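Subject: Structure handover

Hello,

Here is the structure for your files. My notes on what was found in it follow below.

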Protein chains: 2
Amino acid sequence: MKKVKALGRHLVAEFFECSSEALDNLDFVVNSMRQAAEEAGATIVDSSFHRFLPHGISGVVVIAESHLAIHTWPEYGYAAIDLFTCGDEVNPWKAFEFLRIKFDAKKTSVVEHLRGIYSEIGIPETAPHKV
Amino acid sequence: MKKVKALGRHLVAEFFECSSEALDNLDFVVNSMRQAAEEAGATIVDSSFHRFLPHGISGVVVIAESHLAIHTWPEYGYAAIDLFTCGDEVNPWKAFEFLRIKFDAKKTSVVEHLRGIYSEIGIPETAPHKV
């Protein structure tokens with residue numbers, strides 16, 4: 001089967017039955033997300049995290065190869081996680097596995113999107129994902 | 001048909017055949033994304049944008065109701081855009097329409113994800129999207 005060429009891969013992940021304590025600990029969430037970027041082989045450009053009252057954290061790690069994002073609902077043991085990476089040298093599934101263990105998610109669901117499919121953009125298969 | 005209850009809606013959008021000039025103009029992209037958040041009815045918490053060399057911009061607007069993200073490939077006229085909002089008072093489709101016009105996208109494709117479906121989390125339909 002021929003591999004569909006795309007600029008990036010984006011995992012839209014749902015983490016259920018996580019540790020509520022972990023999901024509400026700002027330092028823990030920041031460090032986990034930044035470490036996940038490194039696990040995936042990404043280069044961190046910037047990050048921005050915020051804790052809301054009475055609970056819940058939102059944050060994004062901008063990487064040279066796109067971004068990782070998280071939104072947590074500690075009261076529900078739930079987190080919405082996005083792992084979007086470009087290029088063949090970065091693997092979002094490594095970040096996924098790392099975070100699944102970190103947050104102790106008992107159940108997950110993931111949809112993998114190919115972003116920027118070459119044939120849809122109308123560029124040749126030999127085009128680089130960055131110039 | 002019964003409406004599936006979820007914490008948020010996430011549009012995974014592909015913008016094709018955009019204005020390359022617009023996609024490579026940092027000020028224009030920042031302002032467009034922040035205005036898109038306002039169009040959707042969201043509250044901006046923070047934003048982080050970066051222009052790469054020789055071209056391409058990545059950026060995220062963290063909103064109280066999740067996030068908006070963009071990654072542009074001006075050389076291909078392509079942008080990967082994510083519009084993730086929570087709550088019934090914010091409408092990601094308004095941000096989508098606004099950006100489609102701003103970037104002059106001749107072709108788009110969108111997948112709408114429900115994030116944090118109540119029955120999957122295991123919470124009652126009467127649970128609030130934030131406490």
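Along the sequence, the elements of chain A come in the order β-α-α-β-β-β-β-α-β-α. That makes 4 helices and 6 strands in chain A, where helices (H or I, at least four residues) and strands (E, at least two) are DSSP runs numbered from the N terminus.

Some conventions before the rest. This is a predicted model, in which local features need pLDDT of at least 70 and side-chain atom pairs count only at pLDDT 80 or more, while totals for chains, interfaces and linings use all residues. Residues are numbered from 1 along each chain as its sequence is written, chains are lettered from A and ligands numbered from 1 in the order in which they are written, and side-chain values use heavy atoms, with hydrogens and water left out.

Overall dimensions: the C-alpha trace of chain A spans about 50 × 30 × 20 Å along its principal axes.

Symmetry: chain B superposes on chain A by a rotation of 180° with 0.0 Å of shift along its axis, at RMSD 0.0 Å (least squares on the C-alpha atoms of residues with pLDDT of at least 70 in both copies). The two copies are therefore related as by a two-fold rotation axis. They meet through the same surface, because 100% of the interface residues of chain B are also interface residues in chain A.

Interface: 45 residues from chain B and 45 residues from chain A take part in the contact (heavy atoms within 4.5 Å). About 3400 Å² is buried between the chains, 62% of it on carbon and sulfur atoms; buried area is the accessible area (1.4 Å probe) that two parts lose on being put together, summed over both.

One salt bridge pairs the side chains of R115(B) and E14(A), at 2.6 Å from N to O. R115(B) lies in strand β6 of chain B and E14(A) in strand β1 (residues 6-16) of chain A, so this pair joins two chains.

Regards

How values were computed. Salt bridge = Lys/Arg side-chain N within 4 Å of Asp/Glu carboxyl O.
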